[in-house]
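Open the model in your viewer and follow the stops below. Each stop gives a selection and what is there.

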Amino acid sequence: MELDPLLDDRGTRIIVCCGAGGVGKTTTAAALGVRAAERGRRVVVLTIDPARRLAQSMGIDSLDNTPRKVDGIKGSDGGELHAMMLDMKRTFDEIVEAHAEPERARAILENPFYQSLSAGFAGTQEYMAMEKLGQLRARDEWDLIVVDTPPSRSALDFLDAPKRLGSFLDGKFIKLLMAPAKVGGRAGMKFLNVGMSMMTGTLGKLLGGQFLKDVQTFVAAMDTMFGGFRTRADATYKLLQAPGTAFLVVATPERDALREAAYFVERLAAEQMPLAGLVLNRVHGSGAARLSAERARAAAENLDEGRIVDQGGGKAGLRGSPATTPEFETEPEPNDLATAAAHPVPEAAPTAEPAQETDVDVRHLTAGLLRLHAERMRVLAREQRTRDRFTALHPEVAVTEVAALPGDVHDLAGLRAIGDRLTAGRMPSA
């Protein structure tokens, strides 16, 4: 998969990074934002990651519901980068304030049922992410929006959230809760108990008169806004299907993550969402791939079975021998290392005890390194098999691999490094 042409294409207006939790969506979104800005795009990155890693990596103290410009971007042709973190409740408040008269808006914002709904109702975060995306696109201030989707347990929840929230706001549940509040008093509670006969007595006590009154007040105040929720949700959904949008599915080369990625790919196809490809994060590599796991393990066993702790000093290759003097020092080839370890070492003239200890330490270290290499090669083989299974199921999906880094990304330099790997489209040689 070639990502630079996608970033450079002015027709690309939205890039959505989606995938299971913990696969690197936030880092991928941030790295794409940095690279696009430094190639001349005016970019805003919208993240829903509560860990706040994005702000730290971009040198910003904190992110909130307002886009903030990122300093240190080496952009050309007016390239800029802004970043923001979704504030779910604040976004909901902004919708109310924008689409209701001041007095009605205040009544809604102060309503206890609304406060509970806006702060934690299932699906609200995903819905508000789509609302914020629609707002950013309507402002036309940026020519590229990169979205880091919510860490949902269920794949692509953010596509379903507008429909679920709309169904809740004007569904039978709300109407049922409104009915007893309209009747009032004991008759109302009797109606509630009959209408909700499946619920326990404890739940009946929880749904008291004050709760029902709060619901009635909320629904009455929001009544004129319900249609707006559905209209905007439909518009954003169509925006996600438009040619200017590109979805990137992010995964790691593990079985569960790629199984989830396969579901994402199939769901996007079913919803007619434009898929750009799969980003395979944290892929391991080796600069000594010619040395197989089996040969490395055998060489390590040969070193251990030589009982080198009990042997006398004076082994070939000790300190001071021609092979180890500075002018002869070279890095052994992987196959040479395994070959040397696999053969017994001839005796040489005795030397001082420190030299023997050095020889023992080096051999133990070599055996340990060989075992580490064998484990690394097994990891590489497992990751390749997992990827091969995915590509066999979805050969039409373009893939780019991102090499695993030794540490976390914590600054713009790290994001640039990720961007380089993302756009290289292949594993580095080392």
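Select K132 to begin. K132 touches L46, N65, M84, L86, T91 and E94, leaving out residues up to four places away in sequence; contact means heavy atoms within 4.5 Å. Now show the side chain of E94. The side chain of K132 makes a polar contact with that side chain, at 3.2 Å. A polar contact is a pair of N or O atoms within 3.5 Å, one able to donate a hydrogen and the other to accept it; residues adjacent in sequence count only if both atoms are side-chain atoms.

This is a predicted model: local features need pLDDT of at least 70, side-chain atom pairs count only at pLDDT 80 or more, and totals for chains, interfaces and linings use all residues. Residues are numbered from 1 along each chain as its sequence is written, and side-chain values use heavy atoms, without hydrogens and water.

Is K132 buried or exposed? K132 is buried, with a relative accessible area of 4%. Buried means under 20%, exposed over 50%, and partly exposed in between (1.4 Å probe, protein chains only).

Zoom out to the helix. K132 lies in helix α7. Helices (H or I, at least four residues) and strands (E, at least two) are DSSP runs, numbered from the N terminus.

Next, select the sheet. Eight strands form an open sheet, ordered β3-β4-β2-β5-β1-β6-β7-β8, with mixed pairing. Two strands pair if DSSP finds at least two bridges between them. At the edges are β3 (68-69) and β8 (399-403), each pairing on one side only.

Finish on residues 42-47 and 80-85. Strands β2 and β4 run parallel there, joined by six bridges. V43 stands opposite L81 in β4.
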